[in-house]
Amino acid sequence: MARGIFITFEGIEGCGKSTQVERLRSYLVESGREVVVTREPGGCLIGEKVRDILLNPENRGMTALTELLLYEASRAQHVADVIRPALDEGKTVISDRFYDASTAYQGHARGIGADKVEELNLFATAGLRPDLTIVLDLPASEGLRRLGRDLDRIESEALDFHEKVRKGYIEIARSDPARVKVVDSSGTIETTAAEIRRIVDRFLPPRRRG
């Protein structure tokens with residue numbers, strides 16, 4: 001059985017990832033694919049428990065290194081429990097965030113360094129990389145405006161932090177243009193979804209379409 005396809009969605013807070021993940025899932029299922037949707041942090045029992053720690057606003061004293069290592073621990077379990085088994089079964093896996101988030105958030109915005117984070121990313125995933133990554137791009141101020149209230153620990157960071165995250169994602173896309181595609185998500189949901197479908201259709205092997 002051929003290995004499945006691994007697609008990840010990335011972007012700043014409020015960029016519309018969850019909505020577009022669901023749009024793409026529906027599109028691929030209609031085309032006859034078996035699709036698994038998951039998320040980070042979380043995606044599995046242990047990962048969801050780590051997610052609660054990471055996003056709890058009460059944990060504002062968490063250091064950048066602690067934050068990074070918790071994300072990587074959650075990711076290691078997520079890959080072992082969900083992502084790799086699904087790919088081995090030939091399924092298409094769509095993840096709302098994966099290791100590029102650590103590069104953008106902890107590597108760039110927290111100042112740990114992209115190269116150091118990349119080493120930990122590959123260690124945690126045992127070398128697993130996404131086949132295609134879609135970065136939904138939006139001004140940080142607009143993303144925060146869309147969030148509303150009841151923000152988690154990461155969402156409630158200052159605007160300057162989120163602007164650094166956005167710049168981090170742009171740098172990731174520039175360094176790996178074959179894998180990482182940037183999509184403007186400032187327009188309508190359908191306009192964004194149509195652009196994502198165009199990218200995915202061009203990426204997927206012809207023998208697996210329809």
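What you're looking at is a predicted model, so local features need pLDDT of at least 70 and side-chain atom pairs count only at pLDDT 80 or more, while totals for chains, interfaces and linings use all residues. Residues are numbered from 1 along each chain as its sequence is written, and side-chain values use heavy atoms, with hydrogens and water left out. Helices (H or I, at least four residues) and strands (E, at least two) are DSSP runs, numbered from the N terminus.

**Helix H1**

- H1 covers residues 17-30, and at 1.5 Å a residue its 14 residues should span 20 Å, which agrees with the 20 Å between its end C-alpha atoms. The expected span here is 1.5 Å times one less than the number of residues.
- Its buried residues are Lys17, Gln20, Val21, Leu24 and Leu28. These residues cover an arc of only 105° around the axis, so they sit on the same side of H1; the arc is that of the directions from the helix axis to the C-beta atoms.
- An α-helix has 3.6 residues a turn, so residues three or four places apart point the same way.
- Turned away from the buried side is a face with the exposed residues Ser18 and Glu30.
- The buried residues of H1 pack against strands S1 (6-11), S2 (35-39), S3 (92-96) and S4 (132-137), plus helix H8 (189-203). Contact means heavy atoms within 4.5 Å.
- After H1 comes Gly32, with a positive phi near 100°.

**Nonpolar cores**

- A nonpolar core is a set of buried Ala, Val, Leu, Ile, Met, Phe, Trp, Tyr and Cys residues joined through side-chain atoms within 4.5 Å.
- The largest one has 37 residues, and Phe9 and Val200 touch the most other members. H7 gives the most to this core, with five residues.
- Leaving out residues up to four places away in sequence, Val200 touches Ile7, Leu24, Leu28, Leu132 and Ile134.
- There's also a second, separate core of 12 residues, which includes Phe6, Val36, Ala86 and Leu128.

**Rings and charges**

- Ring pairs link Phe6, Phe98 and Tyr99 into a cluster. Rings of Phe, Tyr and Trp (its six-membered ring) pair if their centres lie within 6.5 Å; planes under 30 degrees apart count as stacked, over 60 as edge-to-face and the rest as tilted.
- Arg75 lies over the face of Phe98, 5.8 Å from the ring centre. A charge sits over a ring if NZ of Lys or CZ of Arg is within 6 Å of the ring centre and within 35 degrees of the ring normal.
- Over the ring of Tyr27 you'll find the charged end of Arg197, 5.7 Å from its centre.

- Glu67 belongs to helix H3 (residues 64-88) and is buried, at 1% relative accessible area. Beyond its neighbours within four places in sequence, Glu67 contacts Leu54, Met62, Gln106, Arg110, Arg153 and Ile154.
- Leu87 is in helix H3 and counts as buried at 1% relative accessibility. Not counting residues up to four places away in sequence, Leu87 touches Ala2, Arg3, Gly4, Ile5, Phe6, Val93 and Leu128.
- Leu151 lies in the loop between helix H6 (140-147) and helix H7 (159-175), and is partly exposed at 31%. Again not counting residues up to four places away in sequence, Leu151 touches Pro57 and Ser156.

How values were computed:
Buried means under 20% relative accessible area, exposed over 50%, partly exposed in between (1.4 Å probe, protein chains only).
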